Amino acid sequence: MKSLFEKVWQKHIVQQIPDGPSVLYIDRHFIHEVTSPQAFAGLEKRGLKVFRPKQIVATADHNVPTLDQHLPIKEELSRLQVEALTKNCANHGVELYGLGHPYQGIVHVIGPELGVTQPGMTIVCGDSHTSTHGAFGAIAFGIGTSEVEMVMATQCLLQSKPKLMRINIEGELNKGVVSKDIILYIISKISASGATGYFVEYAGSTIRGLSMEARMTICNMSIEMGARGGMIAPDETTYAYLKGKAMAPKGEEWDKALVEWKKLYSDTDAKFDREINIDAATIEPMITYGTNPGMGVGVTGHLPETNEIIESERPSYLKSIQYMNLGAGTKIKGRKVDYVFIGSCTNSRMEDLRMVASFVKGKQKAKDVEVWIVPGSRQVELQAREEGLDKIFEAAGFQLRQPGCSACLGMNEDKIPAGKYCISTSNRNFEGRQGPNARTFLASPLTAAVAAITGEVSDVRDWL
Amino acid sequence: MSKAINIIKNTCVPLRNENVDTDQIIPARFLKGTSRDGFGKNLFRDWRYENNDEAQPKKDFILNNPSFHGKILVAGKNFGCGSSREHAAWALKDAGFDVVVSSFFADIFKSNALNNFLLPVQVSDTFLQKIFAAVEADPTSLLEINLADQYIRIMATGEHESFEINHYKKTCLLNGYDDIDFLLSIKPDIEKFETQER
């Protein structure tokens, strides 16, 4: 009578502090250039070395340019952070997939792609979208830099057991609706804080029918409703994805692992603190109109009228739509778009790029729109070129760039100018997220691709 | 200097905004430091200044209003959502805050705050509105936070409410202990755990 979460959690408890948190053992730790330097410095101040360097994988992603990656990084502070990561990894014997390495890429894209991420593991990273790895039936969550230091020093964290929520999604998805729409729909229903304090398990026939990459998109955005993480029980789809990956178990090890992985599911009588049921048929292609990911509607919908918002929340609502320069009660379809960003740890994998390419093949981008396609990893970039997707993008007037976090958070040069609208496949539409005063519409790769062609927020179903 | 905290009696800054995300607390472009210091000057950067220009403070932003200052930030619900960047807690601490009061906190922010001896105090929506009313009526109003006894009091009216904190964390804060010290102290147990069949 245990849930998937409890099965994994209990196997990782080193000890339980009476009336306090558990000491949780961490199997895999991903690090990147932005949230690790202070942790290495803290460790060195204590005269410590990394305790288990072989359980850490490092990459450079947040700060890196997406053009001319073979040249030194122009922006000085970004360059210094990437250099600090290189130096720290060398000093502590941590494997680094830095710029130019064939395995480099966004940390949450490369982990699964290399088979580092596996079912039943505990996985952390100084990045809130670590929830992505939960798609494999791992307990994966984002941590702060002090916690990065703790894991470097002891391979453990002090954690209180979260409450558990299960979201069941049943039935067939409508035409034009993809996994990004599922998660944007869920967040719009339960709000940007609706799952705070919970770990979420996604279940049901709709989830079972999704590919691993589509499942990753869903788990990735668990944090956008406040959940520490999201997870999905592993199944044949999971095993087929992992088989043959660079760091996945091989031979006898694989057979042994598989026996363990097959035990990872919620028992029929497992208890959840909250359970939500969703009919897949009610989900439309989604778009956000505000400044948190909970502010989303079906693409043919309207912004709420002010009087539909509860009174205490009206000032925040009005501030948000003022930032977006959109009116209460207005339609979102038809709003002009200036930029299209297809990328980020949410939607920058092969299937995302293929989905965009198959839609835009033979079409041309709208005149005034700039379109950036930023693959999630070097492997994705090379595969896209091998499949000829680069030619399709080029013919459509899109730019295929090099891997990194890019315009999801605008730490590098890829910023959306003030006042401009960007339809983005990333995960956050916060004020200034994509650049000071930039305005973000979050959507699926398909909905973003249509907007690239029409130059405005459009309904993909009109094209299918 | 001991990091320990217990009783804080001070004025506060009322920030009514809800869903204050860590990108607002400190925008990503200011995360490029490699030390923990100096993030305070970019706290709420894009809410504080027009066109990213320190010579153009936004007059209607509460941190630019000289009437309001203090060691306590009082904010709308779901404070600290979004990115896991601990820089948000560092920026608040560096700008002189020791306590954040809200009716709801995002999980990762709460852990980060506690690891930096920045005390997150969660109160009811009703009590939060009472604090806003008191401090907006009189910016010199004092709030008292007592960690040992787990209550927060509006000094002017005497109204108070208790708040929750886990016993282990409370002990750490009262004594200035870090989680890492504890984890290092049990390293032999961790090594033993690693060799066990799981």
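Predicted model: local features only at pLDDT ≥ 70, side-chain atom pairs only at ≥ 80, totals over all residues.
Local features need pLDDT of at least 70 and side-chain atom pairs count only at pLDDT 80 or more, whereas totals for chains, interfaces and linings use all residues. Residues are numbered from 1 along each chain as its sequence is written, chains are lettered from A in the order in which they are written, and side-chain values use heavy atoms, with hydrogens and water left out.

**Interface of chains A and B**
- The contact (heavy atoms within 4.5 Å) takes 65 residues from chain A and 53 residues from chain B.
- About 4,800 Å² is buried between the chains, 57% of it given by carbon and sulfur atoms; buried area is the accessible area (1.4 Å probe) that two parts lose on being put together, summed over both.
- In chain A, the residues that lose the most area to chain B are A:Gln38, A:Arg46 and A:Phe430, together 11% of what that side buries.
- Seven salt bridges (a side-chain nitrogen of Lys or Arg within 4 Å of a carboxyl oxygen of Asp or Glu) are found across the interface.
- B:Lys77 forms a salt bridge with A:Glu313, where the closest N and O atoms are 2.6 Å apart.
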